[in-house]
Amino acid sequence: MSRTITPAYRKLGLSELASKVQAAEEMLRDCRLCPHSCGVDRTAGETGVCATLNKPVVASYGPHVGEEAPLVGTGGSGTIFFGGCNLWCAFCQNYDISQGSGGEVMFTERLSGIMLGLQEMGCHNINLVSPTHQVPMILIALFEAASRGLDLPVVYNTGGYDSIETLRMLDGVIDIYMPDMKFSSGAASGMLCGARDYPERNREALREMHRQVGDLRVDARGLAHKGLIVRHLVLPGGLAGSEAIFKFISEVISKDTYLNIMDQYRPCHKAFDKPPLDRRINDKEWREALELAAKYGLRRLA
């Protein structure tokens, strides 16, 4: 399939991509890939919060039609769900992947083959789901896949707890950043996902992501090729702090931010023991979230 838009990593070139691979691998020896900064040597069998060593762990992969419309098109988004996570959300709907056995441990050659296979299936992008703790292995696989003809935009689909150091290393590699904004309160994030500094680190990360890629841009087919997509899951009882999040996006990031306000919260994992997370959101809570987005001028909604 011919493409008129060149992905960022191909513009960067293999030589510069190789240097980023080397820098990322070094970070595994004193791991600081995310704000937890565990300091463990993952090349020597040590693990931190993410419980992952130095090989890719993949739970599943394939064309996905349930993502945001600009990612899906006619061929689907080429999603790769990574095992493990640097957040331990009490209400995670994929807790068996993120906090359980994780998935298949593989060599980077296998991961690069998966990327190329998704391209051959006609997917419009490579969508890396929960990539933060596996960035070095992803970069190695991306280098190998690019060397063998990969030519799709890369989506960094993250929980939003990302370090500036890692994001700057990804500058010029990632085409589309798709972070969550889960919480605006440190008390809530500390209690529910094990990261009290989540709001501060999350906001820093979004500023850096937007600096790199700007607002979302689409081609003539309506497919995203560069930019920022933000996801926000509305939680019962206002636990997510939606108003503060929308205010931040509007005033600090951009009123043209492509925002997916999600209403699909359902209680699972440990949520049943943490009211009000033991129930779905109601119609009033959903309407209030949409009204708040409008209040702050955010109208580019998924």
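This is a predicted model: local features need pLDDT of at least 70, side-chain atom pairs count only at pLDDT 80 or more; totals for chains, interfaces and linings use all residues.
To find it, select Cys31, Cys34, Cys38, Arg42 and Cys50, which are the closest to its centre among the 14 residues that line it. Colour that lining by class and you'll get seven nonpolar, five polar and two charged residues.

Next, hide the cavity and go for the aromatics. A search of the whole structure turns up five aromatic pairs. Pick Tyr161 and Tyr198: their ring centres sit 6.1 Å apart with the planes at 15°, under the 30 degrees cut-off, so this pair counts as stacked. Tyr161 is in the loop between β5 (154–158) and α7 (164–169), while Tyr198 belongs to helix α9 (residues 198–213), so distant parts of the chain, 37 residues apart, are linked by the pair.

Phe183 lies in the loop between β6 (176–179) and α8 (186–193), 15 residues from Tyr198 in helix α9.

Buried or exposed: which is Phe183? Its relative accessibility is 1%, so Phe183 counts as buried. Tyr198 is buried too, at 0% relative accessibility, and Tyr161 is likewise buried.

Together with Tyr161, Phe183 and Tyr198, they form one aromatic cluster.

Terms used:
Residues are numbered from 1 along each chain as its sequence is written. Side-chain values use heavy atoms; hydrogens and water are left out. Rings of Phe, Tyr and Trp (its six-membered ring) pair if their centres lie within 6.5 Å; planes under 30 degrees apart count as stacked, over 60 as edge-to-face and the rest as tilted. Helices (H or I, at least four residues) and strands (E, at least two) are DSSP runs, numbered from the N terminus. Buried means under 20% relative accessible area, exposed over 50%, partly exposed in between (1.4 Å probe, protein chains only). On a 1 Å grid over the protein atoms alone, a cavity is a set of points where a 1.4 Å probe fits but cannot get out, and a pocket is an open set with protein on both sides within 12 Å along at least five of seven lines; lining residues have an atom within 4 Å of a point. Ala, Val, Leu, Ile, Met, Phe, Trp, Tyr, Cys and Pro count as nonpolar, Asp, Glu, Lys and Arg as charged, and the others, Gly among them, as polar.
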